[in-house]
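I open this notebook to record, entry by entry, what I looked up in the structure and what I found there.

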Amino acid sequence: MKKLTPKEEEIMNILWTHGPLFIREMLAFYSEPKPHYNTVATLVKLLVEKGFVSYRAFGNTYRYEAKITGNEYKGSAIGEIVSQYFDNSYTKVVSQFIEDEKMNLDELKLLIAQIEQGKNNRKS
C-alpha cells in the first residue's frame with residue numbers, strides 16, 4: 001500500500017472520522033488558518049488517484065469517501081516497518097520495545113492475554 005503524506009493523512013483522518021464529505025464540508029474540520037479550497041481539492045484528487053478515496057457525483061459536485069479504513073492503513077504501515085527494520089518478525093518488535101523500556105513485563109503479559117482471548121473468541 002502506498003504511503004500517505006502528512007497532508008493526505010490529515011484528509012484521510014477527516015474522512016475516517018466524519019464519513020463521506022464534500023470538499024466544503026472537509027474544510028470545516030481544519031483549524032485556522034484553513035487551507036484554500038483548491039489545495040484540499042488537489043490533495044483529494046491525488047488520494048483518488050492513489051486509490052485511497054472514491055467519489056460519487058451529486059449534480060456538478062462530488063462527495064468523497066475513504067476506500068480503506070484507518071485500521072487497514074495503520075496495519076499496512078506497521079507491516080512495512082516490521083518488514084523493513086525487523087526482518088518481518090513481530091517478536092523482534094516486541095523485544096525492541098522491552099529492551100528500550102517502552103513496554104514492561106506487565107504490559108507484555110496483558111498483550112499475551114489479549115492475543116489468547118482473541119484466538120479463543122475466533123474458535124467459538
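I looked up Glu 101 in this predicted model and found that, at 72% relative accessibility, Glu 101 counts as exposed, since the cut-off for that word is over 50%. Glu 101 sits in the loop between α5 and α6 (105-123), and its phi is near 60°, a positive value in a residue other than glycine. I note for context that most residues other than glycine have a negative phi, and that most peptide bonds are trans.

I then turned to Asn 88, which also is not a glycine and has a positive phi of about 60°. Asn 88 belongs to the loop between α4 (70-85) and α5 (90-99), and with a relative accessible area of 54% Asn 88 is exposed.

Next I checked the peptide bond from Glu 32 to Pro 33, which is cis, with omega near -5°; Pro 33 has its place in the loop between α2 and α3.

For the core, I asked which residues touch the most other members of the largest nonpolar core. Among its 19 residues these are Ile 11, Met 26, Val 40, Val 44, Phe 52 and Val 53, while α1 (6-18), α2 (23-27) and α3 (37-50) each supply at least two residues.

I also looked at how α1 and α3 pack, and found an angle of about 85° with the axes 10 Å apart, so the two helices are roughly perpendicular to each other. On the α1 side the contact is made by Lys 7, Glu 8, Ile 11 and Met 12, and the residues of the whole contact divide into 7 nonpolar, no polar and 3 charged.

Note on methods:
Residues numbered from 1 in each chain as written. Predicted model: local features only at pLDDT ≥ 70, side-chain atom pairs only at ≥ 80, totals over all residues. Heavy atoms only, no water. Core = buried A, V, L, I, M, F, W, Y, C linked by side-chain atoms within 4.5 Å. Buried < 20%, exposed > 50% of the residue type's maximum accessible area, 1.4 Å probe, protein only. Helix = DSSP H or I, 4+ residues; strand = E, 2+ residues; numbered from the N terminus. Axes fitted to C-alpha atoms, helices over the stretch in contact; angles between N-to-C directions. Parallel < 35°, antiparallel > 145°, perpendicular 65-115°, else oblique. Contact = heavy atoms within 4.5 Å. Nonpolar A, V, L, I, M, F, W, Y, C, P; charged D, E, K, R; others polar.
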